[in-house]
Structure formats: C-alpha cells, structure tokens
Amino acid sequence: MAQFLQHLVNGLSLGSIYALIAVGYSMVYGILQLINFAHGEVVMLGAVFGFWLAPKFMYPVEPSLGLFFAVLGASMFLCGLLGFFIERLAYRPLRKSPRINCLITAIGVSLFLQYFTQLEFIFGAIPQTYPEMISQATVFSFAGVDISNLQLIVVGLSFSLMIILQFVVYKTKLGLGMRAVSENTEVAALLGVPVNKVISFTFILGSMLAAAAGTFVATMYPKVDAMMGTMLGMKAFVAAVLGGIGNLPGAVIGGLVMGLAEEFTVGYLSSSFRDAIAFAILILVLLFRPAGILGKTKIEKV
Amino acid sequence: MKALEIKNLGIQFGGLKAVQNVSLHVNEYELVGLIGPNGAGKTTLFNLITGIYKPTTGSVEMDGKNIAGLSSFEITNECFGARTFQNIRLFKDLSVLENVLVSSHKKIDYNLWSVLFDTQHYRNSEKKIREEAMELLKIFSLDSKADEIAKNLPYGDQRKLEIVRAMSTKPKILFLDEPAAGMNEHETLQLLNLVRFVREKYKIGILVIEHDMKFIMGLCERIYVLDHGQLIAEGRPEEIRSNKDVIKAYLGEEETNTAVRSNLHGR
C-alpha cells in the first residue's frame, strides 16, 4: 500500500510537469489548429537558460529558494520571448498556407532548435548537470510515503501556474479574445479583436509554461541535454491528445494520467516500458476515443 | 457626411470579375437595401467592405475614412463598420454575454500586469464592460439569457444576438447579410421591427442584403440592384418594382413572368 501511494505521489509530480507542457500544445492547437512540434524544444531551452543563468546570478551556486525563483522567472521570460519569435518568424508568414506546410515548418523549427543548441559554442552535445538550487529533502513522511520538498514545490507551482492560466483564459479580455479567435478567427477580427496580437500572446503564454516545466524537470532530474525536449514534448503531446486537444482542462487531466501511467509502469512492470506506455496510450486513445477524454466528437455534415 | 461611400469598386478572382465598377453610398440614418439574383456578388461586396477581400480597383470610405490597407479589426475599431453573416456565425460555445464582450477588446485598457498585480484596476474595468454589455442585452431584451450558451438559443434569438453583437462595436454603419434567411413570416416581421428599432435608437446607416422582397420593400428607403457584379438599378422600392432591367435580371426573359413579378411586388 505504501508503495502504491509512493508511486501515486511520484506520478502526480511528474504528471503535473507533463500537464504544464500539454497545456501549451493544446492552446496553440485550439487557436491555429497547429501541432507546435517545437514546443518540446522550448522546454529544453527553458532548462538550458536556467543552466546558464544560475551561475550568473550566484557564483558558486548554492541551494537557495530565492535563486530558484529568480532563475525560474528569468527562464520563463526568455522562453516567452523565444515563443514570440518562433511564431513571428516561422508560423505567421505561413498563416494562410495549407496546414501541412505549417506542420512541416514546426518540425523544422524543432530540429533547428535541437541541433542549434548542440553546437559547441552554444551548449554542446554533451549532457550537463543542472545546478542544484534546491537540496532535496524529505519534508513529509506518512505511513511509509515520502514527499520531498522538490515534489511539493513542483506540484504547487505547476498547479498555481495552471490556475493562473485558467483565470487568464476565462476571466480576462485576452482570454476571451483567445477563445473567440479559436472559434472563428474571421468573425473575431470583424469584432475588433487584434488577431495577431492574440496569437502572439498565446505563444508567449505557452512558452512561459514550457520554460517552467523545463526548469522543474531539470531540478528534479538534474541533467540538461539538447535532446531532452523530444521525449518530454512527445509525451506531453500524447497527454494533450488524451485529454482532447484544444481543451485546457483536458490537457491537465491527460498530463496527470500520463505521469501516473508512467510511474506505475516503472514501479510494477519494468522501467524499460517507461516510454512505451506513452505511445501505447496514444494508440489506444486513437483507436477508441480519438477526440480524447474531454474532447467533443465532431459529426461531419455531408 | 456619408456613412458609407463606395467608388468604382471592383475585385477579380483570376479571370472572374466578381464585382466591377460598383459605386454606391449610404447616408447617416438611412436604410438601404441591396438585392440581386444568386451569385450576383452581394456577399462579395460585403467582404470587400469589411476588409476580408482586398479590392482590385476602387475605394471604400466609411465615416469619411478610407479603408484601403486596413485589416478587419482596424476597420471595426477605426471606421466603425459592423456586419452580420448570411449563415449565423456566433461564437457557439461562448455565452450570450461573452459573445457581446468579445468586441470590448478596444474599450478596455488593462493588461496582463494589472490582472496579476493591480487587481482593483482590473476588476473595475472588467465590471464596467460587463455592465455595458448587460445594458446592451437589456435594450434587446436578451438580458435574461445572458449566461446561456449561444448555440442553445432559438434560431430567432441567434439572429438577434448576431445583430446585438455587431452593435456592441458601436458602429456608425451596419451591414446585414440576409438577416431574414430561414425565418418564418412571424419572425421576419419581428426582425423588420428590430432593424427599424436599431436605426431609430442609434441613428446609424444600415445596408441590408436580402432575398425576401416583402421584407426589403417594406424596410428600405432606397434599393440598389446588383447583377453579374454590376449595379443595374438604383431607386426607391416602387421604382425598383417596375424597373425593366431588374425584372429581366431576376427572370432572364421579360415575358412569362407573372410569377416573379408578383414576387417582386411582395407575393
């Protein structure tokens, strides 16, 4: 039982990171019907920025919450900028082209960021250790279940960020603009919604959350490498599909399910299935409920 | 000043001249109709006016401002034109109130910063636009349905909401694209009163596309007739009724036409 609960706790903290990334996929898809394959690379760069900045803020790096938050904030800011430029330079020129062009461009941006980061004078191909800004300690032990300070921080911050996002989307004019644009871009523009601004804003928000996810991953599993975004991005993408792509609460649920599934697979089956489970889930979802958990099945009129 | 002034407007799609050399105007506080057979280019003309298509020739002025080079949202915000659609295009999954709030984008001055850190300012401005929107809904007696999801409204109310949503941008000219499409006689009559009410209340110019002759003849002070992308007639309803070109455009031939002529006379 204790083992089960322990897996549950670990799964939730991993799942909340997937949820943060999945939300970014879902937002962009909701607005542009585009799978932004470069999203995983933004996560990776979120970690890379942290790796660069931590020693700049404090040298030598010592565990401190203040430093952690400073690095988190700076990395979110930089990734927000990055997201803005990705949309501005790569996707906006293709706004009116067929969807397949945008999709291929997204893959191109993803590969570009991966290999650009691997350049020797940028980051390099060799994995590096992420500076330890929070020294892991068990803060809470109950019936054999250990909860670490890291897990508390990650889950707490992830959910706070997602609640803020939910608030922005449902209670502010920008969120209303996002929802209007996602339903009908043309009509939204006719009602005076600055569509381009709203789309930029969506990318900025999504990328900021991705940066937070990157920072959390690197803090929990202290390794940074240029390829780390691929698998994270893929799994979060599966999470978004599982929850119903384009649906924000769905993405959160999908992320949590993915985290739990992965953790339980590792715990009860074998850690070699860690990645296989994600894609097994994807196949099952596509076979039995292609619209996802919260997605609506669209009936096509003939 | 004229609410709308179009000069020699034309657009070409490849070899097809969908609209050519159209000049028309709508005065402030005037109800003008635009009729024509299917495929005459009426909706294309609306798309040109609202910036969805860019014209090949000619110019469009609204409220004295040339719309050339402006995108749709700039036309809405700076030239004060608003439209409805032939097939209803509400935000189906947003509530009635939110549909009206979408246009508040230009009226609101808070940013993300104040949402997170200056909540007082954010709350006040959010409250203000909500009150304004509710007031607008009240004028059109939709306030009791403010929280309903738009797609659950009855058809007539959806049409109405589309007009209210257009009015929420505070336009000086309103474009209605077949507002009576799919309505029964009773609903059409209500719509007629609604359009008149909008004109009286807001003193704006209105340009209506409609196939329902009874509706357009009863509503408009002046009518333009479009056929094959060109204006073929202009005048008051009674002049249009007896215009030979118009009858020909609707019929193809002038004789054997009692049925259509009686249609032009309002059934």
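# Two chains, talked through

Student: In this predicted model, strand β9 (residues 222–227) of chain B pairs with β10(B); over how many bridges?
Tutor: In general, strands of a sheet pair through backbone hydrogen bonds, either parallel or antiparallel. For β9(B) and β10(B) the sense is antiparallel. One residue pair to look at is B:Val225, which stands opposite B:Ala233 in β10(B). The number of bridges between β9(B) and β10(B) is five.

Student: What is the strand order of the open sheet of six strands in chain B?
Tutor: The pairing in this sheet is mixed. β6 (81–83) and β10 (230–235) of chain B each have a single partner strand, so one side of each is left without a neighbour in the sheet. That puts β6(B) and β10(B) at the edges. Read across, the order is β6-β7-β8-β3-β9-β10.

Student: By how many degrees are neighbouring strands of that six-stranded sheet turned against each other on average?
Tutor: Direction is ignored for this value. It is an average over neighbouring strands of the sheet, and it comes to 20 degrees.

Student: Which helix packs on that sheet by touching β9 and β10 of chain B?
Tutor: Let's go through two helices. Helix α1 (residues 42–49) of chain B touches β3 (31–35), β6, β7 (173–177), β8 (205–209) and β9 of chain B, and its direction makes about 145 degrees with that of β7(B). The helix you want has residues 244–251, and its direction makes about 135 degrees with that of β10(B). That helix is α10(B).

Student: Chain B has an open sheet of four strands too; which strands stand at its edges?
Tutor: The order here is β2-β1-β4-β5, and the pairing is antiparallel. An edge strand has a single partner strand, so one side is left without a neighbour in the sheet. The strands in that position are β2 (16–27) and β5 (65–66) of chain B.

Student: Which residue is the bridge partner of B:Glu5 in β2(B)?
Tutor: Start with the strands: β1 (residues 2–13) of chain B runs antiparallel to β2(B), and eight bridges join them. For B:Glu5, the partner in β2(B) is B:His25.

Student: What angle does the direction of α1(B) make with that of β2(B)?
Tutor: α1(B) packs on the four-stranded sheet, where it touches β1, β2 and β4 (57–62) of chain B. Compared with the direction of β2(B), the direction of α1(B) makes an angle of about 70 degrees.

Student: Is B:Asp63 partly exposed or buried?
Tutor: B:Asp63 sits in the loop between β4 and β5 of chain B, and its phi is near 55 degrees, a positive value in a residue other than glycine. To be buried, a residue needs 20 or more other C-beta atoms within 10 Å. B:Asp63 has 19 of them, so it counts as partly exposed.

Student: And where is B:Lys170?
Tutor: Its phi is also positive, near 55 degrees, and B:Lys170 counts as partly exposed because it has 18 C-beta neighbours inside 10 Å. As for its place, B:Lys170 is in the loop between α6 (155–167) and β7 of chain B.

Student: Over to chain A: what kind of peptide bond joins A:Tyr59 and A:Pro60?
Tutor: A:Pro60 is in the loop between α2 (39–57) and α3 (65–91) of chain A. Most peptide bonds are trans. Here omega is about -10 degrees, and the bond between A:Tyr59 and A:Pro60 is cis.

Student: Which residue in the turn of the β2(A)–β3(A) hairpin has a positive phi?
Tutor: Strand β2 (residues 138–142) and strand β3 (residues 145–148) of chain A run antiparallel, joined by four bridges. One bridge pairs A:Phe140 with A:Ile147. Two residues lie between the strands, and the one with a phi of about 50 degrees is A:Ala143.

Student: How compact is chain A?
Tutor: Chain A has eleven helices and four strands. Its radius of gyration is 19 Å, close to the 19 Å that the globule rule gives for 302 residues. Chain A is therefore as compact as a globular protein of that length.

Student: Which element supplies the largest share of the side of chain B that touches chain A?
Tutor: In all, 25 residues of chain B are in contact with 20 residues of chain A. α2 (72–79), α3 (96–101) and α4 (112–117) of chain B each supply at least two residues of that side. The largest share, four residues, comes from α2(B).

Notes: Residues numbered from 1 in each chain as written. Chains lettered and ligands numbered in written order. Predicted model: local features only at pLDDT ≥ 70, side-chain atom pairs only at ≥ 80, totals over all residues. Contact = placed C-beta atoms within 7 Å. Pairing = 2+ DSSP bridges. Rg over C-alpha atoms; globule rule 2.2 N^0.38 Å. Axes fitted to C-alpha atoms, helices over the stretch in contact; angles between N-to-C directions. Buried ≥ 20, exposed ≤ 12 C-beta atoms within 10 Å, placed from the backbone.
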